[in-house]
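Let's take a friendly walk through this structure, looking at charged pairs and nonpolar packing. Please keep the viewer open as you read.

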Amino acid sequence: MEQDIKWMQRMRGYAVPVMILYVTAVIVALLLEKMWLIPIMVSVSVIIVVMGYQAMRIMWRMTKHPKAHRMLIFQYVFEWVDAILLTALMVTLLTAEDFGLLIGLFFGIWGVLSPFRQKWFTNQLQHIEPGLPTYEEVIEGRVSHESSI
C-alpha cells in the first residue's frame, strides 16, 4: 500500500507538466486537425479511470467493512461515467454537433454536481466507518495507513 501511495504522490507531482502538455496538444489539434481531439480526450479518460482505480485500491485497504467496499466500487463507477461522458462529448461535438451540445449540457451538469457527489461519498464512508481517513489525508500523509488498518 505504501508503494501505491508513493505512486499517487509522484503522479500528482507530474500533474502540472501533463496539464501543460494536454493544453498544448488541444491547441495544436484545434489549429491543425480537430479530429485529433478525440484521441486526446480518450487518453484523458483513460487517465481518469486509472487514477480512480488507484484511489479505490488505496481506500479499499484502509477499511475491511463490506459496505465501505461497496461505496468505493460505486464511487469508481462514477469515475467511469466521468470518463465515458468526456469521450462521448468530444466525439459527438466533432461529428454530430446538435447531439454533442445535448451531451455537453449533461456533462456540464454532471461536472457541477461532482463536488457534492464527492462530499456525499466521503460522508457515507465516514458514516459506515467513523474515523476512516479521507483519500486526501492518506495521499498527503496526514495519517498513517498502518494506524487505520
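How many salt bridges does a search of the whole structure find? The search gives two. Please bear in mind that this is a predicted model.

Start with Arg12 and Glu136, whose side chains meet in a salt bridge with an N to O distance of 2.8 Å. Since Arg12 belongs to helix 1 and Glu136 to helix 7, this pair ties together parts that are 124 residues apart in sequence.

Are these two residues buried, partly exposed or exposed? Arg12 has a relative accessible area of 36%, so it counts as partly exposed. Glu136 is also partly exposed, because its relative accessibility is 33%; the band for that label runs between 20% and 50%.

Now turn to Asp82, which forms a salt bridge with Arg117. The closest N and O atoms of this pair are 3.8 Å apart. Asp82 sits in helix 4 and Arg117 in helix 6, so here the parts tied together are 35 residues apart in sequence. Both Asp82 and Arg117 are buried.

## The nonpolar cores

Next, the packing. The largest nonpolar core has 25 residues, and those with the most contacts inside it are Ile58, Met59, Leu125, Tyr135, Val138 and Ile139. Two or more residues come from each of these elements: helix 1 (2–13), helix 3 (37–62), helix 4 (66–95), helix 5 (97–112), helix 6 (114–128) and helix 7 (135–139). Which helix gives the most to this core? Helix 4 does, with eight residues.

Leaving aside neighbours within four places in sequence, Met59 is in contact with Leu72, Leu132, Pro133, Thr134, Tyr135 and Val138. Another core lies apart from the largest one; this other core has eight residues, among them Ile38, Ile40, Met41 and Leu86.

## Helix 2

Finally, have a look at helix 2, which covers residues 15–32 and includes Val16. Is Val16 buried or exposed? Val16 counts as exposed because its relative accessibility is 57%, and the cut-off for that label is over 50%.

Technical notes
Residues are numbered from 1 along each chain as its sequence is written. This is a predicted model: local features need pLDDT of at least 70, side-chain atom pairs count only at pLDDT 80 or more; totals for chains, interfaces and linings use all residues. Side-chain values use heavy atoms; hydrogens and water are left out. Helices (H or I, at least four residues) and strands (E, at least two) are DSSP runs, numbered from the N terminus. Buried means under 20% relative accessible area, exposed over 50%, partly exposed in between (1.4 Å probe, protein chains only). A nonpolar core is a set of buried Ala, Val, Leu, Ile, Met, Phe, Trp, Tyr and Cys residues joined through side-chain atoms within 4.5 Å. Contact means heavy atoms within 4.5 Å. A salt bridge is a side-chain nitrogen of Lys or Arg within 4 Å of a carboxyl oxygen of Asp or Glu.
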